[in-house]
Amino acid sequence: MKRTLAGFAFLGAFAGVCAAQPDVLINTPVVKAYETIELSIDSDFGASNPYDYAAVNVSAVFRHSGGKTVTVDGFYMADYEYDAEKNSYAEKGGGFRIRFTPDRAGKWRYTVKAVKNKKTIFEPKRGEFECVQGGSKGFIGISRVDPLFFEYSNRERYFPVGMNMSWYKEGGFADYVKWVERFSSHGGDLIRVWMANWSFGIEWDGPIGDYGKRQKHAFMLDQVFGLCESLGVKIMLTLVPHGEFSTRVNTNWEWSPYNIKNDGLFAEPEKFFTDKVAKEAFKNRLRYICLLYTSPSPRDRTRSRMPSSA
């Protein structure tokens with residue numbers, strides 16, 4: 001009898017992993033070096049807060065034919081249909097996304113998995129894509145010749161010409177279309193954008209660590225990144241405006257989700273820098289932002305069903 005019960009327990013666990021497995025979609029089977037591959041899984045895996053990496057994490061391991069291996073976490077994001085004429089948004093579901101920018105040509109293979117509450121809940125899916133050489137200069141980093149300057153991966157010097165475009169006005173994304181197109185036509189190639197609570201901030205209007213009520217703002221900033229990428233304009237992203245944790249200068253502390261008056265953690269904003277829970281929440285926010293925005297959005301490509309096997 002014990003052996004039979006153990007068998008049922010195993011089958012139940014196996015069914016929990018394999019039943020109703022969502023599809024994994026890839027945006028393109030061929031990509032140029034330094035362009036973005038996006039894997040999509042239209043599911044939240046039943047997570048009460050899919051933005052909490054401690055609760056649920058979807059990731060992929062990418063392996064190049066030459067031996068390089070890169071592990072990339074995913075992020076949950078709501079999708080929207082944008083009407084440019086009306087400058088309006090209609091939500092159309094969402095799911096986990098994994099973005100990866102290959103830095104070299106050749107065949108890349110990947111394996112996708114999902115872990116919830118430290119247990120694998122998604123049977124690993126495998127696929128591949130081809131990366132070909134393109135015209136991109138690569139990533140921008142500190143110059144290997146002179147650390148006072150920047151350079152691209154191909155060692156070409158990058159000397160930015162920029163200005164502040166910190167937040168939109170009444171037009172939202174349409175403001176950035178007008179501003180960035182005009183700016184780039186005059187030789188500008190760098191803008192600074194703020195993730196402020198009145199514009200693109202994602203951790204506001206809700207409990208700490210839950211970005212669900214700010215997904216339209218996240219999507220809009222993703223649009224701005226895509227727009228700038230298409231025009232050769234870079235973004236310097238300001239992650240925390242000074243007023244978010246200030247009671248003296250341009251203060252927004254009264255409305256902060258970290259304020260105990262708003263069911264937050266503490267009464268004095270200074271504790272943000274020492275409170276263990278606050279620090280973990282902020283690291284979660286930074287992780288989400290980096291994974292969403294460090295690779296440009298490939299929204300101009302059509303997703304296709306990936307060739308996968310267990």
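User: Which element gives the largest share of the lining of the largest pocket?

Analyst: Rolling a probe the size of a water molecule over the atoms shows where empty space is left. In this predicted model, the largest share of the lining of the largest pocket, 4 residues, comes from β15, where strands (E, at least two residues) and helices (H or I, at least four) are DSSP runs numbered from the N terminus. A pocket is, on a 1 Å grid over the protein atoms alone, an open set of points where a 1.4 Å probe fits, with protein on both sides within 12 Å along at least five of seven lines, and its lining residues have an atom within 4 Å of a point.

User: How much space lies in the largest pocket, and which residues are closest to its centre?

Analyst: About 1100 Å³ of space lies there, a volume being the space filled by probe spheres set on the grid points, which are joined across faces, edges and corners. Of the 34 lining residues, F139, I140, E229, K234 and T294 are the closest to the centre.

User: What should I know about the numbering and the model before I read on?

Analyst: Residues are numbered from 1 along each chain as its sequence is written, and side-chain values use heavy atoms, with hydrogens and water left out. Because the model is predicted, local features need pLDDT of at least 70 and side-chain atom pairs count only at pLDDT 80 or more, while totals for chains, interfaces and linings use all residues.

User: How many salt bridges are there, and which residue pairs with K68?

Analyst: Side chains of opposite charge can pair when their charged atoms come close. A salt bridge (a side-chain nitrogen of Lys or Arg within 4 Å of a carboxyl oxygen of Asp or Glu) is found 17 times here. K68 forms one with D103, their closest N and O atoms being 2.7 Å apart, and this pair links distant parts of the chain, 35 residues apart.

User: What does the salt bridge of E81 and K92 tie together?

Analyst: The side chains of E81 and K92 meet at 3.2 Å, N to O. E81 lies in strand β6 and K92 in strand β7, so the pair ties together parts that are 11 residues apart in sequence.
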